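Here's a quick tour of one protein model. Have a look at the picture first, then read on.

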Amino acid sequence: MSRIGKVPVTVPAGVTADIANGVLTVKGPKGTLTLALRDEISYSVEDGKILVKPANDTKQARAFWGMQRTLVSNLVTGVTDGYSKTLLITGVGYRANSQGKNLKLQLGYSHDVDFAIPEGIEIKTPDNTTVEIIGIDKQKVGQVAAEIRRWRKPEPYKGKGIKYRGEFIFRKEGKKK
C-alpha cells in the first residue's frame, strides 16, 4: 500500500480539474498544466479532491500509484503557488545578467554563455551572482536550473562555480607543504 497514494489531492478554491481523453487538466490563477494519465491508475475528481487509485492489483500499478499522486499534487501546487529555484554564482569575474529572452553568463570562459530562456520560465537576476528561476511546471524549473548549473559546476578546492541555494560543497584541503 502506498502511503502517499492513499492521500487525496485537495483542489483549492479558484482551481479546476478536469479529466478528458486520458489527460488531466488543472487550471488555476497562474496558468494551466496537463498530465497524461496512466492506464494502470484510475483517477477521479469529486468533492474538491482528486483521488488516485491503482486500477488493478498488479505490481506495476502499485509502483506507479504514489508517483502519479505526487505528479497530480505538483500540478495543483504549480498553478496555485508556482515553483522557484535559486542559483548562486561564486568566483572572481563570474556574473549573470538576464536580457529579455536570454540569460548572459560570464563564467571564466573566453566567451560569454548565452542561455535561451524556454517558454513558461521566468529568470530574474536580483544581483550579478544570483539567478532566480520561476515557473509553474516543477520539472521544467528543475531542468532549466540543472542546465544552467551544468555550465560551471562547483569545484571542491575553492568552491567556484554555480550552486543551488542551500547546497553544501565539500571542500578538499589541498597539498601540505
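The expected span of a helix is 1.5 Å times one less than its number of residues. Helices (H or I, at least four residues) and strands (E, at least two) are DSSP runs, numbered from the N terminus. Keep in mind that this is a predicted model, where local features need pLDDT of at least 70, side-chain atom pairs count only at pLDDT 80 or more, and totals for chains, interfaces and linings use all residues. Residues are numbered from 1 along each chain as its sequence is written, and side-chain values use heavy atoms, leaving out hydrogens and water.

**Helix α2**
- Helix α2 covers residues 59–80, and its 22 residues should span 32 Å; the end C-alpha atoms are 33 Å apart, which agrees.
- At Trp65, α2 bends by about 35 degrees (the angle between axes fitted to the seven residues ending there and the seven starting there).
- After α2 comes Gly82, with a positive phi near 85 degrees.

**Arg3**
- You'll find Arg3 in helix α1 (residues 3–6).
- Arg3 counts as exposed because its relative accessibility is 72% (exposed is over 50%, buried under 20%, partly exposed in between, with a 1.4 Å probe and protein chains only).
- Arg3 and Trp65 sit 62 residues apart in sequence and 9.7 Å apart in space, C-alpha to C-alpha.

**The sheet**
- Four strands form an open sheet in the order β11-β12-β7-β13, with antiparallel pairing (two strands pair if DSSP finds at least two bridges between them).
- Its edge strands, β11 (121–124) and β13 (161–164), each pair on one side only.
- Strands β7 (residues 83–90) and β12 (residues 130–135) pair over six bridges, and Ser84 stands opposite Ile134 in β12.
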